[in-house]
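Hello,

Here is the structure I promised to pass on to you.

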Amino acid sequence: MTDKKKLSERDICTKFITPAIEKSGWDKQTQLLEEVSFTDGKIYVRGKLTARGKQKRADYILYYKPNIPIAIVEAKDNNHSVRAGIQQALDYARILDIPCVFSSNGDGFLFHDRTETNENIETEIGIDNFPSPSQLWEKYKKYKAIATPAVEKIASQPYYFDGTGRRPRYYQQIAINRTVEAIANGQNRILLVMATGTGKTYTAFQIIHRLWKSGTKKRILFLADRNVLIDQTRRGDFKHFKDKMTVVKHRQIDKSYEVYLALYQGLSGSDEEANVYKQFTPEFFDLIVVDECHRGSAREDSAWREILQYFKNATQIGLTATPRETDTISNIDYFNEPIYTYSLKQGIDDGFLAPYRVIRVGLNIDLEGWRPVDGKLDKDGNPVEDRIYNRRDFERTLVIDERSDTVAKKLTEFLKGFDRYAKTIVFCADIDHAERMRSALQRHNADLAANNYKYIMQITGDNDEGKRELDNFIDPEEKFPVIATTSELMTTGVDAQTCKVIVLDTNINSMTKFKQIIGRGTRINEEYGKLFFTILDFRNATDLFADPDFDGEPIRIKQVTGETDLTGIVDEEETDTTTIIDEDSGDEVEIIKPTIRYPKSPDTETEVREPRQKVYVNGVDVSVLVSRELYFDQHGKPITSSLKDHTKEIIKGHFASLDDFLNKWNNTDRKEAIIKELQEQGVLVEALMEAVEKKVDLFDLICHIAYDQPPLTRKERVNNVKKRNYFAKYGEQSRKVLEALLEKYADEGIENIESMEVLRVQPLSDFGSPTEIIKEFGSKEKYLQAVKELENELYKSA
């Protein structure tokens with residue numbers, strides 16, 4: 001008989017746990033998934049290189065139907081107790097929204113029932129008594145308040161499968177299931193908050209398809225406020241609706257379809273004749289999905305809100321990455337508290353969204369202000385008002401040619417050192433600024449612009465040539481345009497998968513707008529090498545990263561009263577130029593000065609302020625005063641202490657003493673594992689390396705920063721090994737290989753010599769193929785042992 005204590009965890013799963021689950025009636029093909037990685041692993045940036053952290057992986061997830069998970073099982077080998085895996089399983093169950101939680105060591109199961117609040121919350125079960133699918137489905141129904149057969153029918157409606165094997169990610173699954181279950185239970189206003197780049201449209205498609213197929217919702221309206229959002233939706237996930245779907249165009253209404261995609265602007269207008277939505281009866285639609293619901297219809301007094309009010313009996317779902325919560329506007333007030341929130345930080349931690357580097361650039365006139373010399377004239381020959389101008393004025397009331405030129409020059413320098421074909425969006429103060437920034441960038445990139453004028457394009461609502469290039473900019477397969485200058489058109493809804501650089505040269509006072517702009521860079525496209533992005537900030541806009549609202553839960557601010565607020569309402573923030581969406585085309589149109597809108601009242605009229613003209617000057621000395629990288633901790637907040645103090649705090653919290661660290665370092669086979677572990681704890685390895693001019697190892701850096709040990713350079717460590725005549729015991733060829741590995745360590749660090757791939761690059765490849773080199777040592781095991789001994793020699797005390 002097999003001794004269980006000698007079996008690995010995987011053997012315990014194969015021989016005991018899996019058979020016990022199958023015996024209870026679970027179908028291995030459709031209901032039982034083993035070793036399920038439900039995150040991709042956080043991306044860590046090291047210079048231009050990236051590395052993935054650990055994925056979260058469940059040993060088993062059990063499904064009642066595909067994508068409806070009802071139980072999780074965490075396995076341990078038989079040297080652990082049956083309870084050993086329960087805490088990890090509970091953590092995963094919380095993340096995955098699963099009610100039934102099990103731990104097992106092959107002898108039996110510990111069952112934690114998240115639907116219970118009494119002493120039955122945890123019970124031990126024999127190995128032959130695992131619950132059946134129908135038993136755990138009853139638990140799930142209790143957990144989700146599925147109380148009637150009608151609700152159960154809707155909640156268990158299958159997902160749409162397109163035959164490609166595509167599966168929703170765990171957070172999409174939760175959002176879809178919670179929404180469908182809430183609607184089945186009669187909830188009619190639902191808010192879903194999901195970070196940009198996390199697949200809101202795919203999530204919406206699955207929600208709609210399940211409700212449509214179950215017969216719960218027969219006619220559906222998908223509402224957006226920009227053409228690009230409708231086009232992306234129609235060509236993307238919604239294409240599976242085929243001939244059941246139509247896009248409302250030219251105010252032509254055809255009532256024979258079941259799924260309608262429409263712009264607010266295409267359904268309504270400034271006069272009653274344009275309000276074609278009234279050609280539908282108020283009961284025509286029974287489900288409305290509002291994309292980017294933080295805009296447009298978010299205001300109570302908005303003409304677009306009238307569309308939602310007209311179809312008030314329909315179930316309405318609001319989708320957004322950035323809910324609007326101000327004194328006068330509230331998504332929560334209209335749609336209720338979010339049924340599910342998946343934040344940018346969570347997306348980055350899970351490895352589904354790209355992390356960012358931030359480089360702050362301070363220009364002299366931005367930091368110190370600019371005062372015109374006595375008698376200074378603008379470009380039209382008029383005197384310039386004598387006062388101190390600062391960052392808030394530039395591009396708003398005062399334009400300095402040399403400032404735009406310096407920003408363009410700095411961006412060009414960055415791209416030359418990074419990648420001149422990295423897709424880049426430059427966010428400008430307005431269309432005029434975007435136009436001039438395009439010209440400045442053309443001058444500084446004349447070599448590439450001469451070969452293809454589309455290298456840099458102005459993509460704004462008023463520029464037809466630029467708008468036509470928007471699809472090419474966001475298409476990963478299209479090389480041009482590379483740099484897009486814009487003001488508002490690309491702040492939201494633009495799926496720019498390969499955007500690697502975001503440039504901020506506009507004052508941003510709105511958290512909603514800031515999050516939307518950052519969202520342009522968060523998508524990952526591994527095929528095209530897009531795993532992180534860089535933010536070049538010329539306006540200190542990235543101060544908003546430190547704001548608790550940046551990644552916190554949305555909180556209702558608007559007071560709910562019966563009174564009408566007669567304060568003027570502006571879409572985003574007080575600026576001298578703003579962008580509205582054309583009522584017919586859905587395109588961006590810039591106006592000077594925001595229109596102040598008042599709620600409809602017989603005693604009030606709409607007020608429009610007079611535009612303020614810009615002053616244009618040149619002949620000003622503008623230079624970069626400071627350029628530095630902003631660093632973030634493992635919680636995504638900017639580090640305010642020094643890198644040294646930040647690192648010291650983490651190391652001392654992780655290792656009790658210098659001896660504790662040395663023991664871990666010396667007893668770990670692969671030092672790279674420790675480096676990854678420290679990165680996951682928040683140690684900024686690459687930044688620390690750059691901060692130290694000497695070529696020191698991370699080992700020495702940590703010993704020096706955390707424990708005040710004198711550091712040795714990698715070269716000094718190599719010389720110490722050579723002095724000990726350590727290689728004498730090896731043959732001539734093996735000795736040459738180890739000496740080459742030492743030089744590799746001196747140049748590049750410990751991680752590279754631990755990889756077998758190092759044998760494929762020079763100078764190691766000069767000694768033969770990896771197989772031939774390993775043969776010199778006798779076997780692969782003996783080669784790896786030689787590398788291990790070499791590492792021990794490197795880290796011996798001198």
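This is a predicted model: local features need pLDDT of at least 70, side-chain atom pairs count only at pLDDT 80 or more; totals for chains, interfaces and linings use all residues.

The mean pLDDT of the protein is 86, with 89% of the residues at 70 or more. Residues 555-581 fall below 50, although this stretch has 86 contacts in the model beyond near neighbours in sequence. Residues 590-611 also stay under 50, and there the model has 58 contacts beyond four places in sequence.

On the strands, S15 (residues 338-342) has four of its five residues buried, so the rest of the structure largely encloses it. S9 (residues 189-194) runs parallel to S15 and is joined to it by four bridges; in one of these pairings, Leu191 has Pro338 as its partner.

Now the salt bridges, of which the whole structure has 47. Asp113 pairs with Lys139, with the closest N and O atoms 2.6 Å apart. This links strand S7 to helix H3, across 26 residues of chain. Asp113 is buried at 2% relative accessible area, whereas Lys139 is partly exposed at 22%.

Arg539 and Asp505 form another, at 2.9 Å between the closest N and O atoms. Arg539 sits in the loop between strands S22 and S23 and Asp505 in strand S21, so the pair ties together parts 34 residues apart in sequence. Both partners are buried: Arg539 has 5% relative accessibility and Asp505 has 0%.

Lastly, a network of salt bridges links Glu395, Asp430, Asp432, Arg436 and Lys614.

Best wishes

Conventions
Residues are numbered from 1 along each chain as its sequence is written. Side-chain values use heavy atoms; hydrogens and water are left out. pLDDT is the predictor's confidence in each residue, from 0 to 100. Contact means heavy atoms within 4.5 Å. Buried means under 20% relative accessible area, exposed over 50%, partly exposed in between (1.4 Å probe, protein chains only). Helices (H or I, at least four residues) and strands (E, at least two) are DSSP runs, numbered from the N terminus. Two strands pair if DSSP finds at least two bridges between them. A salt bridge is a side-chain nitrogen of Lys or Arg within 4 Å of a carboxyl oxygen of Asp or Glu.
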